[in-house]
Amino acid sequence: MDDVGMGIGGGVGVALEGIHASIAALNALEKEDAFLASGAHAGAGMDVFQRRYELCLEGLELTARLEAQLTALKSRQAARAVELQQAMTPPDATVQDRTYADMSVVEEIAGVLTISSAAAGALVEQSRRICSLPMVFQALAAGDMSWQHARIVADETEGLSPDGAASLVAHFFDPAAPQRARGAAPGELVPSRFRAKVRGWRERHHPESIEKRHAKSAADRRMEYTPDRDGMAWVSLYLPGDTACAIWNRTTATARGLQGPTEERTLTQLRPDIAASLLLGAGQMAGEGSTGTAPGTQGVTGIGKVLAPRADVLVTVPVFALLGVTDEPAVLDGFGPIPASMARKLVADGAESFYRVLVDPRDGAPLEIGRKNYRLTETIKRWIRMRDAKCTFPGCTNRTPDNETDHLQAWEHGGTTNVSNLAQLCPKHHRLKHNTRWTPDPANKNESPGWTSPTGRHYNPEHPDPEPTHWPPESWPQGSQWPQWLKWDAPGQCQCLEASLENLPQWEPDDDRYVDLNDLPADDPLWTELLATPLVPSG
């Protein structure tokens with residue numbers, strides 16, 4: 001197969017031109033840095049250290065682009081080597097001869113690159129898939145995304161039909177695609193977040209329903225034990241997503257409850273201690289019946305008595321899937337797509353730690369958050385969690401339920417308490433925001449904020465990709481007319497379609513003793529008293 005047939009002919013030219021341009025730009029940066037380091041700039045009124053710091057960042061950015069361009073050429077060479085080897089194989093060669101020819105070229109590539117046969121085989125397979133997807137190869141060749149991003153596309157398109165793979169690629173890479181991916185471009189997302197977005201789209205559009213695939217995978221659930229060095233070992237569980245998510249949330253919440261002035265262990269250390277204590281019993285972890293006790297584990301005793309904050313979990317489920325009419329995947333906060341049957345099970349019988357979020361079947365936008373009370377503060381917090389899904393700081397993947405809901409513009413500076421001025425931040429980036437010049441953009445009801453760094457670089461926000469719900473196979477009335485069976489058989493479910501963040505019920509009494517914080521001037525002394533008041537968790 002020639003380069004044009006593989007869809008990479010133009011991309012190679014782009015990569016070569018880009019490589020020359022990147023090298024020239026790097027040379028220019030090095031010359032400027034050498035000039036500044038020589039002291040010849042004296043008297044120019046320039047902050048030399050700040051400028052040299054900015055040059056380092058620009059150099060890192062150019063180097064990352066150059067690495068991507070070089071890996072595009074590397075993948076093209078690997079894919080082309082296999083194609084040429086196959087072209088040299090006689091047409092009447094046996095299957096065995098063809099198999100050994102393919103094995104031989106993989107071993108040649110392994111030897112040239114000084115990597116293992118398995119690594120070479122993976123490189124060949126990924127390269128061939130990437131080169132067969134022109135838009136993906138061109139993005140890599142232009143340096144717009146890394147090899148890791150390209151590999152993710154190769155992994156997630158495996159098992160899809162050619163049309164399915166083309167649709168996935170178009171959604172993320174084609175500017176003219178209908179309902180293309182919103183928010184940050186693929187190369188602007190850290191690889192793990194890009195994989196989450198790609199996998200979410202794949203789950204919704206896979207030819208085999210997630211219900212069937214989950215049933216097959218659930219049969220493979222298992223626990224694995226792997227000894228490690230320094231007297232340590234790994235224990236991992238392969239479980240249904242809702243169970244694994246619940247375990248993670250419970251250990252995190254319990255760890256938060258254990259933290260205090262006398263607790264020296266970090267949150268990361270507390271999680272495994274708690275998990276071990278729950279599995280073995282607190283007495284075992286305290287040293288009873290064991291030959292030794294690991295340093296720092298004695299405080300786990302009595303975990304069952306710890307007052308831990310409850311880990312509320314949002315389950316975003318299409319209304320028709322909740323009614324059992326379709327099997328469209330739902331989304332479990334902190335995990336990702338799950339089967340509709342699992343979502344129905346989680347929200348059935350009023351499961352206390354799970355809150356169902358219904359979405360509009362017309363466009364996939366969120367409609368309403370289930371709640372047992374109408375405290376606006378808690379409702380807004382859950383809405384922000386649903387909108388942001390994780391810490392909104394660029395590149396952060398922290399999805400823990402106890403991320404903090406932060407005012408983008410501080411209360412004392414006139415910021416209001418509404419969704420356009422609130423966003424999720426993990427504790428680390430919450431502190432960073434308040435102590436550096438990292439600045440968030442405004443948000444809105446459906447979009448989280450972008451960020452601007454101290455050097456002026458802007459980072460676009462990551463946005464979810466809501467899509468119209470899968471409609472049942474019957475013929476539906478158009479416009480605002482809902483199916484008669486839905487009106488007749490499920491009036492309670494239909495009522496929720498009219499609820500949204502804008503028309504929540506009255507949540508506070510009409511009483512002059514209460515102050516609306518949005519009407520409180522920024523210089524009012526009440527702010528000092530309010531901000532100095534410690535927060536007490538409600539029962």
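Is Ser-209 buried, partly exposed or exposed, and at what relative accessibility? At 28% relative accessibility, Ser-209 counts as partly exposed, where buried denotes under 20% relative accessible area, exposed over 50%, and partly exposed the range in between (1.4 Å probe, protein chains only). The structure is a predicted model, in which local features need pLDDT of at least 70 and side-chain atom pairs count only at pLDDT 80 or more, whereas totals for chains, interfaces and linings use all residues. Residues are numbered from 1 along each chain as its sequence is written, and side-chain values use heavy atoms, with hydrogens and water left out.

The protein chain contains 19 helices and twelve strands, both taken as DSSP runs numbered from the N terminus (helices H or I, at least four residues; strands E, at least two). Of its 539 residues, 38% are buried. Among contacts (heavy atoms within 4.5 Å) with a separation of 6 or more, 59% join residues 24 or more positions apart.

In soluble globular proteins, nonpolar side chains tend to be buried together. A nonpolar core is here a set of buried Ala, Val, Leu, Ile, Met, Phe, Trp, Tyr and Cys residues joined through side-chain atoms within 4.5 Å. The largest such core has 49 residues, of which Ile-130, Val-136, Leu-140, Val-153, Phe-172, Phe-173 and Phe-194 touch the most other members. At least two residues each are supplied to this core by helix 1 (9-38), helix 2 (48-88), helix 3 (95-113), helix 4 (117-131), helix 5 (134-141), helix 6 (147-157), helix 7 (162-173) and helix 8 (191-205), and helix 2 gives the most, with ten residues. When neighbours within four places in sequence are left aside, Ile-130 is in contact with Val-136, Phe-137, Leu-140, Trp-147, Ala-150, Arg-151 and Ala-154. Apart from this core lies another, of eleven residues, including Val-315, Ala-330, Leu-332 and Ile-338.

On the surface, Met-223, Tyr-225, Val-235, Leu-237, Leu-239 and Ile-247 form a nonpolar patch with about 610 Å² of accessible area together. Patches consist of residues with over 30% relative accessible area and no salt bridge, like charges being joined within 9 Å and nonpolar side chains (Val, Leu, Ile, Met, Phe, Trp, Tyr) within 5 Å; a salt bridge places a side-chain nitrogen of Lys or Arg within 4 Å of a carboxyl oxygen of Asp or Glu. Strand 1 (222-227) and strand 2 (233-238) are the elements that give two or more residues to the patch. Leu-239 is situated in the loop between strand 2 and helix 10 (241-258) and counts as partly exposed because its relative accessibility is 31%.

Two residues other than glycine have a positive phi: Thr-114, near 55°, in the loop between helix 3 and helix 4, and Asp-230, about 60°, in the loop between strand 1 and strand 2. Thr-114 counts as exposed, at 71% relative accessibility, and Asp-230 is exposed with a relative accessible area of 71%.

Arg-271, in helix 11 (residues 267-280), counts as buried because its relative accessibility is 13%. The side chain of Arg-271 makes a polar contact with that of Thr-252 (2.9 Å), a polar contact being a pair of N or O atoms within 3.5 Å, of which, within protein, one must be able to donate a hydrogen and the other to accept it, with residues adjacent in sequence counted only if both atoms are side-chain atoms. Ser-209, in the loop between helix 8 and helix 9 (210-218), lies 130 residues from Pro-339 in sequence, with 8.5 Å between their C-alpha atoms.

Terms used:
Areas by Shrake-Rupley, 256 points an atom, 1.4 Å probe, with all protein chains shown as cover.
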